[in-house]
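Hi,

Here is the structure I promised to pass on. Have a look at it first, and my notes follow below.

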Amino acid sequence: MDVDTEMQSATAQGTEESKENEWVRINSNDGFSYLVRRKVAQTSGTMANMLDPNGGYAEAQTKICTVDERGIVTEKLVEYMCFKSHYQTVGPKEDIPVQEMQERIPPEIVLEVLLAADYHEM
Amino acid sequence: MRSLKTRPFMDASILGRDRILQPTVMSRSRQNNIRGPTSALTEFLRESGITPTTIARRAAQQQPQQDEQAQAGPSTETQTNDAGPSSSRPSRTASRNRRASGYGSDNLDEDDGEPEPEQDGDDEKAEELEESPAPAKKRKLTKAAEAKLKAQEKKKKGKGKKGSDDEDYEDDDPYTSLSKSMWSSGSSKPPVGSFENCARCEKQFTVTKYTMAANPPPGWLCHVCAKASGQDPFKKPAAPRKRKAPGDKREVIHFVENRLPSLVNMCIKIVTQYIDDVESLGDIGALNVEAIAKAMAKNRSLTPENARLFYNTTNTKLIFYDATNLTSSALESLVYMNPNLTSLRLDFCGQLDDKSFKLFITSLPALQRIELLGPFLVRSPSWKAFARAHPNLEGFLINQSPRFDLECMHALVTYCRGLKALRLREIGKMSDAFLEEIGDLGPEALTYLDLSCPSESCSDTAMITLMSEVGGSLTHLDVSKHDLLTDSFLSEGLQHCTKLESLGIAHLLDLTDKGVADFFRSWQNPALVELDASRNPELKGDALEAIMKHSGLRLEKLNINGWENVEENGLRDIGRKGKELVKLDVGFCRNVDDFVVKAWLEGEDVKGVKKGGCRNLKELKVWGCNRVTAQCPKKHGLTLYGVESHVIRR
């Protein structure tokens, strides 16, 4: 708890940039946990709203987003978020390996991922 | 001398605009002195002595004197001729202020030698115009100095970017180049072949296409004098430096082309890939099939291939929220694959035609409810056959069909005696005759009736008759946009309805405040759950009060969008009585402001105790309520739509 408040006050004084580099936690519903940068988590519209300090949601205080999906599905979501946040900033001339990302989604879970992606606005 | 604070006025962009004014000025020119009303710009230019002739003259002087360096527009005159003081104005230093003459300068008067002492203030502004040099004391510069400066210019130009205003004159881009009249000299050349006296040596010479304009104007130079002044008419224009193609120079904002596909899109592509391999997709039943259908409909990605994901012979219910991409044959396969459907809903089924609809008729024997949005290709005989083939039909809800005519209506009523739900919304052929047919269904039949948005309103009397025939059993009624309906429809027609829960009377412009109020005060029907009375600008506080008194305790959805003048007290009444409200639309009710919203959300203070308030409110639409600010109180779980100051975030 102390660590949390400490972190809070520290980040309250921090700049926008250092906020972007903060770690946030994404939990699945079966006990798996993923730590990512805030910038990565914000590729998801729903999560960006959850973590927004002006939004008034509890997740903004705890910096933990709970995804109501199995671990394996959550992991795919996180993978996509990393992929997207990295390639968002790349220049117009660079090739984006979309096909590779697509191949990394196994068909066995694709429907669950589809629904989760739709819910999380990514 | 008028100081020009508004420097950008002199930019080429303005001149580009002014160019449009030029032709009329020129044609009107010298014959008469009639001056019509002018814009501020033309007034200003006229006052300052800038006329089309001067501009064109400068342009004409520029042209023959171009070398690969001097890409600058008329404002920069870096030619090496010494034809006269007004033409050569090399800058004193490359880095110090570029005292422009012409468009970049404050030097508005048509002077040819007056140095401008007070130009330091324009330093920064002059900096923008890199290519527009003009010293105050040009006459004092020697040729050597000129050459030196020119070398500096070259260097500067080599690395600096061009001032955009200069470019505008030079390029051939049809969007931004000068009009054609500017390229030729201000005074039109005498016809080729005629005789002219040289402006300098007074000798007579024949005008050719190479004849140069004299500098200073007016006049034309004979070939000899032209050559002497350094302008060689025959010299081939130096190969122009390779310029960016006009297409590139135009500032077009490119949208990011290689957009990252969303995860949803990627998943849908994968689904399409694996569509044949059902086992690999896992057990779909476990997931919410409807949710998947909605996710796919959101971006219109339902195609004939991935629609197969939803087909199953055991399906009894099928809903497609966007069947735009389903072709006629795809719809046929839909029927083949789901023969046991009892309920089918297809939104945006524009490709449904007679051929595929035939299968609907023959191969869906268990169908009890059909809901179609946009089946405009299905013809009248098909509708009739459909009715005949489904005597057990309970729900017939179609939206948007110009071909569904009276005969179809008759067939429907004749064969489907058990019809409970009927929607004929936006039907082109809707008329009073239809209402007669519907009336034939008799009392105790219909529970859901939606006849809204006809192309032509039905009459008051016909509607009243219909109500007397079928109104008794209705729980849902929508007659929006039948603009011929009046208060008497309410008082005489709706009085037959005793079980209504949901009522739609939007867009009925003949309803009056008093009429509606009286109706609700005396209505025998129990409280409504849903009321849509939107777009009736005549209705005000009285009507609202009566409505809230009648149905306030049960109302969950209320739409009074467009009730412009409803008073604040009436609005607050919503909060006092409407405890169950979940969705509220008060768009364009001008008296809604932050305090009213507060009263709705938190209740009002009655003797120190907060009473009332809409505790269950989930959706509040305040489109057009400009007194609702961003400081409007919000509540967790409430979605607020339409606050004017809200900016779209992404």
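**Notes on the salt bridges, interface and core**

B:Asp573 and B:Lys577 sit four residues apart in helix α22 of chain B, so about one helical turn separates them. (Helices are DSSP runs of H or I with at least four residues, strands are runs of E with at least two, and both are numbered from the N terminus.) Their side chains form a salt bridge, with 3.2 Å from N to O; the term means a side-chain nitrogen of Lys or Arg within 4 Å of a carboxyl oxygen of Asp or Glu.

Before going on, some housekeeping. This is a predicted model, where local features need pLDDT of at least 70 and side-chain atom pairs count only at pLDDT 80 or more, while totals for chains, interfaces and linings use all residues. Residues are numbered from 1 along each chain as its sequence is written, chains are lettered from A and ligands numbered from 1 in the order in which they are written, and side-chain values use heavy atoms, leaving out hydrogens and water.

Back to helix α22. B:Asp573 also forms a salt bridge with B:Arg576, where the closest N and O atoms are 3.4 Å apart. These two are three residues apart in the helix, which covers residues 568–577, so again about one helical turn lies between them. Is B:Asp573 buried or exposed? B:Asp573 has 7% relative accessibility, so it counts as buried (buried is under 20% relative accessible area, exposed is over 50%, and partly exposed is in between, with a 1.4 Å probe and protein chains only). Both partners are partly exposed: B:Arg576 has a relative accessible area of 33%, and B:Lys577 has 27%.

Elsewhere in chain B, salt bridges with shared partners join B:Arg345, B:Asp347, B:Arg369, B:Glu371, B:Arg423 and B:Asp450 into one network. Over all chains the count is 25 salt bridges.

Chain A has one worth a look too: A:Glu112 pairs with A:Arg70 at 2.9 Å, N to O. This pair links distant parts of the chain, 42 residues apart, with A:Glu112 in helix α8 (residues 110–119) and A:Arg70 in the loop between β3 (64–66) and α6 (71–88). A:Glu112 is buried at 17% relative accessibility, whereas A:Arg70 is partly exposed at 38%.

Now the interface. Contact (heavy atoms within 4.5 Å) involves 27 residues of chain B and 29 residues of chain A. The buried area, meaning the accessible area (1.4 Å probe) that two parts lose on being put together, summed over both, is about 2,500 Å², and carbon and sulfur atoms give 73% of that. B:Leu260, B:Leu263 and B:Met266 supply 27% of the area that chain B buries against chain A, more than any other three residues.

Finally, the inside. The largest nonpolar core has 156 residues, and among those that touch the most other members are B:Phe320, B:Leu424 and B:Trp600. (A nonpolar core is a set of buried Ala, Val, Leu, Ile, Met, Phe, Trp, Tyr and Cys residues joined through side-chain atoms within 4.5 Å.) Leaving aside residues up to four places away in sequence, B:Leu424 touches residues including B:Phe396, B:Phe404, B:Met430 and B:Asp450. A second, separate core of nine residues includes B:Met212, B:Ala214, B:Trp220 and B:Ala226.

Cheers
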